[in-house]
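Here is a brisk report on a protein model. Keep the sequence and the 3D view open as you read.

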Amino acid sequence: MIGIASVITLVGIGNGTSNDVMGQVQSLGTDILTLSIRSSDYTLDYENINEIESIQNIETAVPYKTVSSTVSRGNTISQKSNIIATTADYFETTNTTISDGRLITNIDIENSSKVCLLGSDIAQTLFNLANPIGQTIKLNGDSYKVIGILTTKGTSMGNDVDNTIIIPFTTAKYLGSDTSISNLYIKVNNEDNIDQTTEIIENYMENSAGISEDYYSVSSQESMLDAMNNVNSSFSLLLGGIASISLIVGGIGVMNVMLVSVTERTGEIGIRKSLGAKRKDILVQFLIEALIISLIGGLLGVLIGISFGEFLELFSYDFNPSTGIIILSFFTSAAIGLVFGIFPAYKAAKLNPIDALRTL
Amino acid sequence: MIKLKNIKKSFVLGEEKVKALDDVSLEIEKGDFIAIIGPSGSGKSTLMNILGLLDVPDSGEYLFDEKEVSNLSDNDLAEIRNKKIGFVFQNFNLLPKMNAIENIQVPLLYRGMTDKESKDRALEVLKKVGLKGREQHLPSQLSGGQQQRVAIARAIAGNPEIILADEPTGALDSKTSEEVMEQLKELNEKGQTIILITHDINVAKKAKKIIEILDGKLK
């Protein structure tokens, strides 16, 4: 029962989480490449970006940086927010749109203006129903003017846009970050050209920018999806492991209960045998009992698993129980009941009637 | 119908080997009502178990309907017990979680009757033993005499060739004992073969024939 419950919960959460991540990855668009430099010894400059943008098939390349900072307005603090420092092209590259205000401009970049765009959830947290445009919020205690609001994309969509704050790339220096460029989003004109373009960029990085392939990576959303799927399948393997151990434990439990039941009811077996029960009759009787015990356990497990999963949803986990797993759990319970019920049932069936009757 | 010849059976009790049955020969004809009487430890229960195919003798011949039973399989023995023998035990041996009707149905279901057929038959025999109206009662809700009558009903439900009653009145007071014995007698008068095992001479007297057993030997 506990085995089934944990399997249902874990697989449900696993499914939910992976759907969530898949959703995020996919919503970024499959025509986007991410270039990341892993070594702090190398950086790119705006010249490099211009050269990358001039490569065939590449529409835009935009530097970005994630910074961390406290976000507050007055006494209100926004707890979970991603702050992205980037340039004007970010919006076109990542298909991010605004519902109000204006975008970041090159002047903001040049002046390292303390301005920001807010995701809709953050705007709501900090401003409630008031219009945030032109108001200020505090990042690490410093005042930033709100110039725009990002379009609501819903919680499951891209990079959690609704909890994102976007600031000018160069403004990151006020928030404890440098202004070196080490991450780029690169938009390719057609997703069929992704692989080809990846090679061209790698070529450019090594030959023109002089950065060896050990120090950077170019990844497409597709390769990230593949990686995600890999993580998912190892997660599933782990779950399978936990599941089989708990099911074996459950099976031993069933066997134990049945052995006790056979011992307690030796007299009944004797009576039934004196009335003409064959070995087969007794065997079937106890197997059915084992089956019922394990199916009740399985059913309880499914119910507990689902309710625990729903309970975890209150803590913003995504829970997505699959019907397949539920049905599989049921059949597994039945199989466990049969397999672990055979030994006790066989023991009952081959009792000698006179010995069994004597226990009465 | 039943023929025992030179049946021997012994048990090991601690260091000692006890001869429970020592060269017992016995013949039972259709329609007999035989009481086997003896004190406790005389071997009468062992004899009953062997007659009822619940136990096997160490040596000797046992012919049931002219068939030697020593070389029958467990399943064959179960089938004979089911179809040809009806047991009535001292402590009734009813299944405690089943009501009167269900208890009577058990052996009928083992022989492959449907639930409906067996229920009809169970109602019929329950009426025969005078317990109409007690169909849904659990054994714990019935008196000792009533429980024994349910057990008799269960024994006769399958029209057995022989009824083996092991101290059927042992757990009952004298009045209900009387009733149960009347019941058995009545059955015998209708042609039912009955073997009664008892230590009580007054009970044994109801039978047509009394056989004494002492130290594993018939007299």
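## Basis

This is a predicted model: local features need pLDDT of at least 70, side-chain atom pairs count only at pLDDT 80 or more, and totals for chains, interfaces and linings use all residues. Residues are numbered from 1 along each chain as its sequence is written, chains are lettered from A and ligands numbered from 1 in written order, and side-chain values use heavy atoms, without hydrogens and water.

## Chain B

Chain B has 7 helices and 10 strands (DSSP runs, H or I of at least four residues for helices, E of at least two for strands, numbered from the N terminus). Of its 219 residues, 53% are buried (under 20% relative accessible area, 1.4 Å probe, protein chains only).

## Strand S10 of chain A

Strand S10 (residues 164–168) of chain A is largely enclosed by the rest of the structure, because 5 of its 5 residues are buried. S10(A) pairs (at least two DSSP bridges) with S5 (residues 82–86) of chain A in the parallel sense, over 5 bridges. There, A:Ala85 has A:Ile167 as its bridge partner. S7 (residues 115–118) of chain A pairs with S10(A) in the antiparallel sense, over 2 bridges. A:Leu117 stands opposite A:Ile166.

## Interface

The contact (heavy atoms within 4.5 Å) takes 21 residues from chain B and 18 from chain A. In chain B, B:Leu54, B:Leu95 and B:Tyr110 lose the most area to chain A.

Chains B and A share 2 salt bridges (a side-chain nitrogen of Lys or Arg within 4 Å of a carboxyl oxygen of Asp or Glu). A:Arg279 forms a salt bridge with B:Asp74, with the closest N and O atoms 2.8 Å apart.

Methods
Buried means under 20% relative accessible area, exposed over 50%, partly exposed in between (1.4 Å probe, protein chains only). Buried area is the accessible area (1.4 Å probe) that two parts lose on being put together, summed over both.
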